[in-house]
Amino acid sequence: MADHRPVDFWRGDFGSEYIGRNRADASAVRQRARSWSTYFQGIMHDLPRSIVEVGCSVGINLRALTGLVDAELHGLEPNAAARRVLVEDGVLPASHVHEGEANSLPFKDGQFELSFTTGVLIHVPPSELPAAVDELYRVSSKYILMSEYFSHEPEEKTYRGQSGLLFKRDFGGFMLDRHPELTIVDYGFQWMRAGAVDNGHWWLFRK
Ligand SMILES: C[S@@+](CC[C@H](N)C(=O)[O-])C[C@H]1O[C@@H](n2cnc3c(N)ncnc32)[C@H](O)[C@@H]1O
């Protein structure tokens with residue numbers, strides 16, 4: 001693992017196997033739509049008209065968003081197999097599917113009204129996290145949403161039996177420390193025991 005960046009694992013078989021385990025079936029999309037109804041509760045009067053998901057995989061979020069909001073949707077994903085699914089399933093036109101990495105986004109400043117990650121910053125190593133968070137901030141003109149695993153203090157966990165692939169922390173605090181002018185719109189915890197897709201903490205900020 002020491003010689004590889006986590007994103008290199010996601011580009012290869014490790015990332016393609018993830019797609020096999022996490023399919024965008026109707027029940028997964030419905031579950032995600034419930035999460036987005038919660039995230040959007042405080043901004044129903046001003047929903048974003050353009051959205052980019054960083055690390056979108058096969059687009060479970062993007063499929064859910066299609067049914068919830070009238071917005072231009074874009075996805076960025078390092079894994080080529082996932083990008084193919086997005087186009088083949090008609091989730092996004094090919095021109096809205098982008099190859100890349102969180103720490104260097106191929107977008108203009110303020111290109112989207114919402115930039116977001118769900119379960120992606122946890123896979124960005126601490127050395128690359130400042131750039132990843134700053135890029136989410138840079139490409140948004142209005143909102144930033146992150147839904148990730150929380151830990152009061154930064155900690156590393158093994159992921160699928162391997163080290164160097166999963167990092168937990170207070171991602172909301174990390175973003176606010178780097179960009180203190182952000183306003184907290186809302187935040188919360190989604191609990192698997194109550195039907196959520198994962199035990200995830202989320203933060204919605206406004207620029
Ligand atoms: C756990 S999956 C989450 C997928 C999707 N966001 C969701 O919630 O269904 C993590 C995704 O992030 C992508 N990823 C991993 N490292 C990344 C990085 N440095 N930049 C962008 N995407 C990354 C992976 O390829 C994978 O698709």
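Which residues is H74 in contact with, leaving aside its neighbours within four places in sequence? The model examined here is a predicted one, in which local features need pLDDT of at least 70, side-chain atom pairs count only at pLDDT 80 or more, and totals for chains, interfaces and linings use all residues. Residues are numbered from 1 along each chain as its sequence is written, and side-chain values use heavy atoms, with hydrogens and water left out.

H74 sits in strand β2, residues 72-76; strands (E, at least two residues) and helices (H or I, at least four) are DSSP runs numbered from the N terminus. Apart from neighbours within four places in sequence, H74 is in contact with I51, V52, E53, L62, L92, S95, H96, H98 and F112, where contact means heavy atoms within 4.5 Å. With a relative accessible area of 5%, H74 is buried. Here, buried means under 20% relative accessible area, exposed over 50% and partly exposed in between, with a 1.4 Å probe and protein chains only. The side chains of H74 and H98 make a polar contact at 2.9 Å. Such a contact is a pair of N or O atoms within 3.5 Å; within protein, one must be able to donate a hydrogen and the other to accept it, and residues adjacent in sequence count only if both atoms are side-chain atoms.

Two further strand residues touch each other. V54, in strand β1 (residues 50-54), counts as buried because its relative accessibility is 2%. Not counting residues up to four places away in sequence, V54 touches L76, A102, L105, F116, T117, V120 and L136. T117 belongs to strand β4, residues 112-118, and is buried at a relative accessible area of 0%. The side chain of T117 also makes a polar contact with that of E148, at 2.8 Å. With residues up to four places away in sequence set aside, the residues touched by T117 are V54, L136, L145, M146, S147 and E148.

Turning to the helices, A82, R83 and L86 are buried in α5 (residues 80-88). Seen down the axis of α5, these buried residues fall within an arc of 100 degrees, so they line one face of the helix; the arc is that of the directions from the helix axis to the C-beta atoms. The buried residues of α5 pack against α2 (13-21), α4 (60-66) and β3 (97-98). At the start of α5, a side-chain oxygen of N79 comes within 3.0 Å of the backbone nitrogen of A81. After α5 comes G90, with a positive phi near 70 degrees.

Helix α6 (residues 129-139) packs with helix α7 (residues 171-178) at an angle of about 75 degrees, their axes being 10 Å apart. This makes α6 roughly perpendicular to α7. Angles of 65 to 115 degrees count as roughly perpendicular. L129, P130, V133, D134 and L136 of α6 meet F171, F174, M175 and R178 of α7. By class, this contact has seven nonpolar, no polar and two charged residues. Within α7, F171, G172, G173, F174 and M175 are buried, and the buried residues of this helix pack against α6, β5 (140-148), β7 (162-168) and β9 (200-206). At the start of α7, a side-chain oxygen of D170 reaches to within 3.3 Å of the backbone nitrogen of G172.

Terms used. Axes are lines fitted to C-alpha atoms, for helices over the stretch in contact, and angles run from 0 to 180 degrees between N-to-C directions. Angles under 35 degrees count as roughly parallel, over 145 as roughly antiparallel, 65 to 115 as roughly perpendicular and the rest as oblique. Ala, Val, Leu, Ile, Met, Phe, Trp, Tyr, Cys and Pro count as nonpolar, Asp, Glu, Lys and Arg as charged, and the others, Gly among them, as polar.
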